[in-house]
Amino acid sequence: MADYDAIVCGGGSNGLAAAIRLAEAGWSVCLLEANDDLGGAARTLESTLPGFKHDFGAAFFPLVAPSPSIVGRDLAPYGLRFVHAPVPSAHPFPGNQAIALGRSAVETAASIDKVHLGDGAAWFALDEAYGEIMKPFLRATMQRWPFEELAKVAGRLRLAGGLQFARMVVSGVSAVADRFESEQAKAFITGPAMHADLQPEEPGTGVYALLLSMLGQRFGMPVVEGGTGMITAALEAKARGDGVEILTGRRVDRIVVERGRAVAVEAGGEAFSARRAVLGALEVHDLVRLAGAESFPPRALAEIRHYRRGLGTFKVDWALDGQVPWAAEECRRAGVVHVGDSLTDMSRSAWEAAHGLLPAKPTLILGQQSLADPSRAPAGKHTLWGYAHVPAVPTGDAGRPGDEVSWDRSSEAFLERMEAGIEAHAPGFRDRVLARRAWSPVDLEAADASLAGGDISAGSFAVDQQLLFRPGPSWWRWGTPVKGLYLAGASVPPGAGVHGACGDLAARQALADHDRPRLLAMTAAGAGAAAAAVFAGRRAARR
């Protein structure tokens, strides 16, 4: 049996971040990955035609710059480089109009005022009130003890602003959108909230909209030169350089628990001993299945029984003969484009998906990576990446009531529906399509088991599934009810995203738990020595 201090199960960004943190602390680490290549959703594939590089999952990274887990390390020597399109994002509207998110409040407000004069002032007010707190607010979610970051947030907001911000955190997107008069500006601020799996009326969507907008304005919507897979390649190189042993094609069959403690992992017919910890960069239900439900107390199992998956995802890669012919110039320069004509349209699309229906007019989140990174396509060609939220298992079609639906029979029709949404704002788009590859929820799960049902967030981002409740109180702070077993996937805070913070925090917790007995002993010894010194001093004084 191979013997290590820690075994990490799962070779996505979280698993790699966890392995690196442990190896940097001097632990011997083995990482096991079921697929033949690492990365999970952070991979780049030639899924359409040779020479066209498409990001399988994550594609743009407004959250990476504030993250202490990936950018906190210098990965440039390992080939990692982020590049930017001229404009972070844009949102087209009927009539050849669009609003662009700029790299400053002045640029964004000017774009809003072009559509509706006066709404730019509302953007300035939002930026002034909340823009500078978004980075420390995000970083607070990525720390074990976020006192410094929360102090910065509180110091900037003060009491009145803090109460207003707290209200926004538990409010729907209307808490932000209602500051604007025009329907276009309301839709523009709602677009980023649609990255989450929620209807815009649901609690929490307001802060999601604000977070992505303000971070995008300050840090852009960067993509990785050469493809998202370069993040995985850089983390792998760093991990191997730190001494992590990485084994691919080793699907974990069992996490061995003895006397309430995780002690080993069985994978591919081999056993791997874990002297100190086992970290599962997995979805919480998979972790329970591998460790055995009998290893966990009933209360912990009951908590995750009600843990809800996010919506499914229908994702498409396009190889294009030229740039998308957007009617609005702002969209031709944007790294990310949100397509949804109005807040009402986007709300209806999310409602339909949440109720099991294929949306009649899906909200689209599109990535134009080749604008920032010409290496993604042959000279003169371009790529387009996009997705829409859908039910994992559709029970009906909002666009064709009464039709029988299943992904086998509905994928092509839904793809056509997505392309119609693009064509409405970019006439001639279909004429530029050289090839396309659609990924239904079934296809995504087949390519990466962690994307169960096409859920790209490892559980809904609803407010009642955050912080203490992600995935439940018994699993709080990246630990589990089983000693030595840690949850390092996106089922724990801060959740989904290629930032590595879930794995990094799980590793930090494992290190802290291992060091705690020694620190307590040292503290006790120090206290004893201090007491002895005081006693000796008093005796001397009495003499």
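Reply: Let's start with how residues are sorted: Ala, Val, Leu, Ile, Met, Phe, Trp, Tyr, Cys and Pro count as nonpolar, Asp, Glu, Lys and Arg as charged, and the others, Gly among them, as polar. By that sorting, the lining of the second largest pocket has 6 nonpolar, 4 polar and 4 charged residues. What you see is a predicted model, where local features need pLDDT of at least 70 and side-chain atom pairs count only at pLDDT 80 or more, while totals for chains, interfaces and linings use all residues. Residues are numbered from 1 along each chain as its sequence is written, and side-chain values use heavy atoms, with hydrogens and water left out.

The second largest pocket has a volume of about 210 Å³. Among the 14 residues of its lining, Arg261, Lys483, Gly484, Tyr486 and Asp513 are the closest to its centre. (On a 1 Å grid over the protein atoms alone, a pocket is an open set of points with protein on both sides within 12 Å along at least five of seven lines, whereas in a cavity a 1.4 Å probe fits but cannot get out; lining residues have an atom within 4 Å of a point. Points are joined across faces, edges and corners, and a volume is the space filled by probe spheres set on them.)

Which elements build this lining? At least two residues each come from strand S12 (270-280), strand S20 (485-487) and helix H17 (501-542). (Helices, H or I with at least four residues, and strands, E with at least two, are DSSP runs numbered from the N terminus.) H17 gives the most, with 3 residues.

Ala458 sits in the loop between H16 and S20, and its phi is near 55°, a positive value in a residue other than glycine. The loop between helix H16 (441-447) and S20 also holds Pro471, which is joined to Arg470 by a cis peptide bond with omega of about 0°.

The structure holds 2 cavities of 30 Å³ or more. The largest cavity has about 70 Å³ of space, and its lining is made of Met194, Ser349, Ala350, Ala353, Thr363, Ile365, Ala388 and His389. Helix H13 (343-354) and strand S17 (382-390) each give two or more of these residues, with H13 supplying the largest share, 3 residues. Sorted by class, that lining is 5 nonpolar and 3 polar, with no charged residues.

The second largest cavity has about 40 Å³ of space. Around it you will find Ser89, Leu101, Phe188, Pro192, Ser213 and His338. Here the lining divides into 3 nonpolar and 3 polar residues, and again none is charged.
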